[in-house]
Amino acid sequence: MDNEARIKELYNYDEVYRDSIATVDEKGKRVWVYPKKPKGRYHNKRVVVSIVLLAILFAGPFIKIGGEPFLLLNIFERKFSILGAVFWPQDFFILALMAISFFVFVILFTVVFGRLWCGWACPQTLFMEMVFRKIEYWIDGDAGQQRKLKKMPWNGEKIRKRLLKHSIFIAIAVLIGHTVMAYLIGIENVKEIVSKSPTENMAGFAGLVAFSGIFYAVFAYLREQACVAICPYGRLQGVLLVKDSIAVMYDWLRGEPRGRMKKNEDRTNKGDCIDCKLCVHVCPTGIDIRNGTQLECVNCTACIDACDDVMTKIGKPTGLIRTTSYNGIAEGKQKIFTARVAGYTGVLAVLITLLTVFVSSRSDVEATMLRVPGMIYQKLDDGQIQNIYNIQFVNKTSEPISIDVTIQDFPSASIQKVGGGMIELPAKSKIDGVYIVKIPSDDLTDRKTKLKLEMKSGDELIDEVSTNFLGPIKY
Ligand code: SF4
Ligand code: SF4
């Protein structure tokens with residue numbers, strides 16, 4: 001049989017397993033996964049990577065660059081800090097471009113490396129497999145002991161173990177909840193909330209409780225369902241993966257026909273897979289990778305370690321399950337730089353160039369001028385027409401500035417800040433000012449008059465804005 005026929009015979013079999021997920025039975029009931037404790041060279045590498053990434057994640061809120069957070073995504077005050085660079089709503093297009101670039105990067109990364117992110121860097125997997133699962137193994141034991149404990153009546157041992165495990169789970173969930181809040185509102189605000197009575201900042205306290213509760217529920221109960229059924233990135237795999245994408249794969253050409261190993265058996269007509277199912281038993285999403293690439297596989301590589309161990313014991317080469325592509329197995333050659341990858345790389349290069357240009361040319365101080373909502377114009381007793389405006393000033397620099405606003409090319413127009421004086425804008429802040437503009441009615445020739453305003457700090461021109469001044473209809 002030639003290679004192509006063998007591929008067809010072995011790979012294009014009944015794909016009925018794709019109609020359901022391993023963690024839900026025919027009645028729609030959850031099948032709880034008890035993965036066997038993973039061990040091996042990939043697992044050891046994952047432990048090191050996880051320690052580094054989790055250390056960065058927990059240290060992140062405390063790291064400042066130029067006095068600004070390493071990462072702050074304050075959606076409530078619409079202030080964002082990325083690597084110490086502060087972005088305001090006025091930088092919306094830069095943030096949007098960043099989001100699009102990130103999205104294209106994710107697509108490119110997935111097309112080339114499959115779900116490497118999921119198994120090795122996603123916080124969900126890091127916490128689940130490297131923190132919560134490890135605590136579970138430590139308290140409840142390996143998969144078999146966990147099953148036994150589950151079936152056990154509520155005796156002293158079970159109560160003690162459950163209490164200990166869930167108390168630790170709750171403590172870690174609280175820590176994660178506070179860390180996530182620190183990325184959203186800043187570490188200083190989190191410190192303030194926890195140092196005061198809950199009644200002094202009910203909203204902040206409720207946020208901390210809600211996040212802690214969500215993380216406890218996710219890691220204690222939801223678990224792999226977050227990756228299998230909820231995460232949108234996981235759902236995208238079906239459209240992103242191609243035959244050249246690298247993923248954890250079972251070498252069906254080498255492994256099939258599978259069959260249990262018997263003593264002194266002639267295995268000349270059998271593949272290398274001895275059907276021990278250890279790769280299935282260690283899988284945290286409960287799947288059998290020998291069925292082919294599946295949506296549920298998070299590329300955690302636990303099955304590679306398990307199978308390598310088996311292969312070593314039976315004296316066969318390791319790598320029956322390995323990171324490769326479909327074409328890597330079927331055709332024996334692995335191509336990374338395909339036409340699709342070249343296309344995505346080109347788009348990403350254009351986006352990054354645009355982003356660099358926009359970021360490097362964005363102004364340090366910006367003003368946005370809007371007429372006060374609900375007000376048209378007012379006719380004053382002295383014959384002048386008055387419009388009221390809101391001007392929002394944003395200072396992105398680390399120096400405070402005073403800003404004066406003047407009207408250009410309209411000598412009879414006057415502008416005055418409500419409360420008098422100039423705008424005093426602290427470093428890295430945003431302030432709203434209310435301004436009254438008056439123009440003699442006789443000088444208005446139309447219902448709308450274009451005005452140009454200059455914002456100056458001393459003699460330095462900071463920004464220019466244009467607006468419409470409304471007046472009565474002239475007949
Ligand atoms: S661990 Fe390896 S040998 Fe055992 S069932 Fe899985 S693929 Fe086959
Ligand atoms: S199939 Fe293998 S790599 Fe995929 S989730 Fe299961 S154990 Fe991890």
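Two residues are taken to be in contact if their C-beta atoms, placed from the backbone, lie within 7 Å. By this criterion, and not counting residues up to four places away in sequence, Cys307 touches Leu278, Cys279, Leu320 and Ile321. The model is a predicted one, in which local features need pLDDT of at least 70 and side-chain atom pairs count only at pLDDT 80 or more, while totals for chains, interfaces and linings use all residues. Residues are numbered from 1 along each chain as its sequence is written, and chains are lettered from A and ligands numbered from 1 in the order in which they are written.

The protein chain is divided into domain 1 (1-362) and domain 2 (365-470), with bounds that come from an automatic or database domain assignment. The C-alpha centres of domain 1 and domain 2 lie 52 Å apart. The contact between them takes six residues from domain 1 and seven residues from domain 2. On the side of domain 1 that touches domain 2, two residues are nonpolar, three are polar and one is charged, where Ala, Val, Leu, Ile, Met, Phe, Trp, Tyr, Cys and Pro count as nonpolar, Asp, Glu, Lys and Arg as charged, and the others, Gly among them, as polar.

Cys307 also belongs to the surroundings of a ligand, being among the closest of the 15 residues around ligand 1, together with Cys273, Cys276, Leu278 and Cys279; a residue is near a molecule if its C-beta atom, placed from the backbone, lies within 6 Å of it. This shell has 11 nonpolar, one polar and three charged residues. Helix 13 (278-281) and helix 14 (302-313) each supply at least two residues of the shell around ligand 1, and the largest share, three residues, comes from helix 14; helices (H or I, at least four residues) and strands (E, at least two) are DSSP runs, numbered from the N terminus. Around ligand 2 there are 14 residues, of which the closest are Cys283, Ile289, Cys297, Cys300 and Cys303, and the shell of ligand 2 divides into 11 nonpolar, three polar and no charged residues.

A nonpolar core is a set of buried Ala, Val, Leu, Ile, Met, Phe, Trp, Tyr and Cys residues joined through C-beta atoms within 7 Å, and a residue is buried if 20 or more other C-beta atoms lie within 10 Å of its own, with C-beta atoms placed from the backbone. The largest nonpolar core holds 31 residues, and the members that touch the most others are Val248, Cys279, Ile289, Cys303, Ala306, Cys307 and Ile321. Helix 14 gives the largest share of this core, six residues. A second, separate core of 25 residues includes Val86, Ile391, Leu425 and Leu451.

Strand pairing, which requires that DSSP finds at least two bridges between two strands, is described next. Strand 8 (residues 365-371) runs antiparallel to strand 10 (residues 384-395), to which seven bridges join it, and Val365 stands opposite Asn395 in strand 10. Strand 10 also pairs in the antiparallel sense with strand 14 (residues 429-440), over 12 bridges, and here Gln386 stands opposite Lys438. In the hairpin of strand 9 and strand 10, which has four residues between the strands, Gly383 takes a positive phi near 90 degrees. Strand 15 (residues 448-457) and strand 16 (residues 460-470) run antiparallel and are joined by 10 bridges; in their hairpin, which has two residues between the strands, Gly458 takes a positive phi near 65 degrees.

Methods:
A residue is buried if 20 or more other C-beta atoms lie within 10 Å of its own, exposed if 12 or fewer, and partly exposed in between; C-beta atoms are placed from the backbone.
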